Amino acid sequence: QRPLRKLTPTPWLLNVAFADKVNDSRYHGSFRTLWTIETASRPGTPEYEAFENAMAAVGRQIGDTAFYLADTQAQANALNAEDPYYPVYGPDVWYTNQLYPTSTNAILLYPKLTKFDDVERAGTNDASGRPMPIFKFADTYLMAAEAAFQTGNATEAADLINVIRQRAAYRPERPGMDAAENAQANAAAATAMLIAPGDVTLDFILDERARELCGESLRWTDLAMRGEDVFVNRVKLNPDAQAVQAFHRRRPIPQQQLDAIDDPDKTKYQNPGY
């Protein structure tokens, strides 16, 4: 998918924050899990026809499913047991090169964040032109919910969070369902997504912010501004970040900036720990 920038989600985000991939539409609304056989060559060109013929030689054609990243390993195992037309990969092989263990190149698979992909860009190799979000409807509600919770009003906090979660339950259509069945499924999902005042904690709010705002360059600030304990404990939910320490809450002052200071004792301007 060159040159679109890929933001790699952590296993915690995919498997814990987005544990409910049935009732919560935000996982499938935010991440790509299905890839199809495509070519950048234009139809009618020799390159297109050569690719088309190569696919036909192995019983495939352009537009067929190339591979699918299943929601769970159990789902992947069940689909693979049916000998599907295409490979299905579960979380057990994401982030690894287990698919091609003898290769010198690691083949890393993971659901791909699609929030910033511009599907209408003029050329395959054009960068995505979609803007970064500055302020969002959901962020407003989640900040208000946190303020309500911190001032002792868990009921108001739950009501505000439920606005976001009820919206996240809605899907315009579900595979294999007609309009009536889809409406019934939406109603059931909306009920399942409701939370009670007793469910509201700071950790729950931070989880909800992860589900709603993942990949939007807010997470470090979200955690750092809430204190050292929250910062360290939440970062350590990521198995790859166990070395985090409290001083990491403040980022290092760049050496170039320190060199520009007209003071021989530059170390006093550096944040502690660096």
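**Exercise 1. Determine which backbone oxygen the side chain of Asn 182 reaches, and whether Asn 182 is buried or exposed.**

Step 1. In this predicted model, local features need pLDDT of at least 70, side-chain atom pairs count only at pLDDT 80 or more, and totals for chains, interfaces and linings use all residues. Residues are numbered from 1 along each chain as its sequence is written, and side-chain values use heavy atoms, with hydrogens and water left out.

Step 2. Asn 182 is located in helix α7 (residues 179-193); helices are DSSP runs of H or I with at least four residues, numbered from the N terminus.

Step 3. From Asn 182, the side chain reaches the backbone oxygen of Pro 172 at 3.1 Å.

Step 4. Asn 182 has a relative accessible area of 6% and is therefore buried (buried is under 20% relative accessible area, exposed over 50%, partly exposed in between; 1.4 Å probe, protein chains only).

**Exercise 2. Check the span of helix α8 against its number of residues.**

Step 1. Helix α8 covers residues 202-213, twelve residues. The expected span is 1.5 Å times one less than the number of residues.

Step 2. Ten of the twelve residues of α8 are buried, including Phe 204, Ile 205 and Leu 206.

Step 3. After α8 comes Gly 215, with a positive phi near 80 degrees.

**Exercise 3. Classify the exposure of Pro 254.**

Step 1. Pro 254 lies in the loop between α10 and α11 (255-259).

Step 2. Its relative accessibility is 46%, so Pro 254 counts as partly exposed.

Key: Helix = DSSP H or I, 4+ residues; strand = E, 2+ residues; numbered from the N terminus. Polar contact = N/O pair within 3.5 Å; in protein donor to acceptor, adjacent residues only side chain to side chain.
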